[in-house]
Amino acid sequence: MPGQRPVKFKLLRAFVPVPGVKGEPIEIARPVPAAVCFPNAKGGLRMVDSDEIRKLARESSQRLTLALGKV
Amino acid sequence: MINVCEYIDDFYVDQGLDVVEINVNEIWGVLGAITQQFPSPLGIAEASPFKKVAAFTTYFTAQRPIITNLPEPRFGLLASHQNAIVAFSLCVDSLHGALIKCPKRGDIILKNRIQISQHFWKDLMVMLSNSLPSQHFNCVSLIYEALTYQANPDASYDRVI
């Protein structure tokens, strides 16, 4: 069933939910469809894949850095 | 869940931080609340993209899942407003290219990204940091809608009042 399958999720470089297990692959059941974040149903937000969301985050972060300099 | 964590991760990596502490349970809470307690009678399936991002933003800022502050030399007094900053950034990204399905006007793609001034951004982050879904959902939705239509004037309804 779409959105219900478990997904392999390798902990991210900067993402440390549990101290001491950084870098360890874990498996997270996904009861909430990914489309919750970027649903493409009615009035839909853009659906993006993992690589694109990382790219968007970096671009937005860089945009803020350039815009702010120092607040 | 993974999308949100990946977004936070790369946002912080780009800011030069090696570690960001995230309360995963709170992120689950945000995503669960959006689906189970969407703050509009329309429900998440029928809601506009503006209501969707407003629900995400207000639940995110209320739950505060990101514990690590942003770098103070760059963000100053707003360094502790990381949840509002990341939520707004993610929502602006997701609205860029979003599709509005209007029964009367057909499908409308929001081609242009929201852009705001530094001054507006600072005040908005302070406001969003104190927002709650029960009190500010509609206001935040209208802010997203107004900013989106400012960037995409052709997507707006006719201004008749």
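Modeller: Gladly! Let's begin with the word contact: two residues are in contact if their C-beta atoms, placed from the backbone, lie within 7 Å. Please keep in mind that this is a predicted model.

Biologist: Which residues of H4(B) and H8(B) meet?

Modeller: On the H4(B) side they are B:Phe50, B:Lys51, B:Val53, B:Ala54, B:Ala55, B:Thr57, B:Thr58, B:Tyr59 and B:Ala62. Their partners in H8(B) are B:Pro133, B:His136, B:Phe137, B:Val140, B:Ser141, B:Tyr144, B:Glu145 and B:Thr148. Sorted by class, this contact has 10 nonpolar, 5 polar and 2 charged residues.

Biologist: How do I describe the way two helices pack?

Modeller: Two packed helices are described by the angle between their axes and the distance between the axes. Here the axes of H4(B) and H8(B) cross at roughly 130° and come within 8 Å. An angle over 145 degrees would count as roughly antiparallel, and H4(B) and H8(B) are therefore oblique to each other. Their crossing is right-handed.

Biologist: At what angle do H4(B) and H6(B) pack?

Modeller: Helix H4, residues 49-63 of chain B, packs against helix H6, residues 82-95 of chain B, at about 165°, and the axes are 9 Å apart. The pair is therefore roughly antiparallel. This crossing, too, is right-handed. From H4(B), the contact uses B:Pro49, B:Val53, B:Phe56, B:Thr57, B:Phe60 and B:Thr61. From H6(B) come B:Asn83, B:Ala84, B:Ala87, B:Phe88, B:Cys91, B:Ser94 and B:Leu95.

Biologist: Now for the core. Which residues have the most contacts inside the largest nonpolar core?

Modeller: They are B:Ile8, B:Ala87 and B:Cys91, in a core of 48 residues. At least two residues each are supplied by helix H1 (50-68) of chain A and by H1, H2, H4, H6, H7 and H8 of chain B. The largest share, 9 residues, comes from H6(B). As for B:Ile8, its contacts beyond four places in sequence are B:Val20, B:Ile22, B:Ile66 and B:Val86.

Biologist: Can we look at some loop residues as well? Where does B:Asn23 lie?

Modeller: B:Asn23 sits in the loop between helix H1 (2-14) and helix H2 (24-36) of chain B. Leaving out residues up to four places away in sequence, B:Asn23 touches B:Pro65 and B:Ile67. To judge burial, we count neighbours: a residue is buried at 20 or more other C-beta atoms within 10 Å and exposed at 12 or fewer. B:Asn23 has 14, so it is partly exposed.

Biologist: And what about B:Arg64: which loop is it in?

Modeller: B:Arg64 is in the loop between H4 and helix H5 (72-75) of chain B. B:Arg64 has a positive phi of about 50°, although it is not a glycine. With 14 other C-beta atoms within 10 Å, B:Arg64 is partly exposed.

Biologist: Let's finish with chain A. How many helices and strands are there in chain A?

Modeller: Chain A has 1 helix and 2 strands, and from the N terminus on they run β-β-α. Of the 71 residues in chain A, 28% are buried. Taking contacts in chain A between residues at least 6 apart in sequence, 26% join residues at least 24 apart.

Notes
Residues are numbered from 1 along each chain as its sequence is written. Chains are lettered from A and ligands numbered from 1 in the order in which they are written. This is a predicted model: local features need pLDDT of at least 70, side-chain atom pairs count only at pLDDT 80 or more; totals for chains, interfaces and linings use all residues. Helices (H or I, at least four residues) and strands (E, at least two) are DSSP runs, numbered from the N terminus. Axes are lines fitted to C-alpha atoms, for helices over the stretch in contact, and angles run from 0 to 180 degrees between N-to-C directions. Angles under 35 degrees count as roughly parallel, over 145 as roughly antiparallel, 65 to 115 as roughly perpendicular and the rest as oblique. A crossing is left-handed if the near helix is turned anticlockwise from the far one by less than a right angle, and right-handed if clockwise. A nonpolar core is a set of buried Ala, Val, Leu, Ile, Met, Phe, Trp, Tyr and Cys residues joined through C-beta atoms within 7 Å. Ala, Val, Leu, Ile, Met, Phe, Trp, Tyr, Cys and Pro count as nonpolar, Asp, Glu, Lys and Arg as charged, and the others, Gly among them, as polar.
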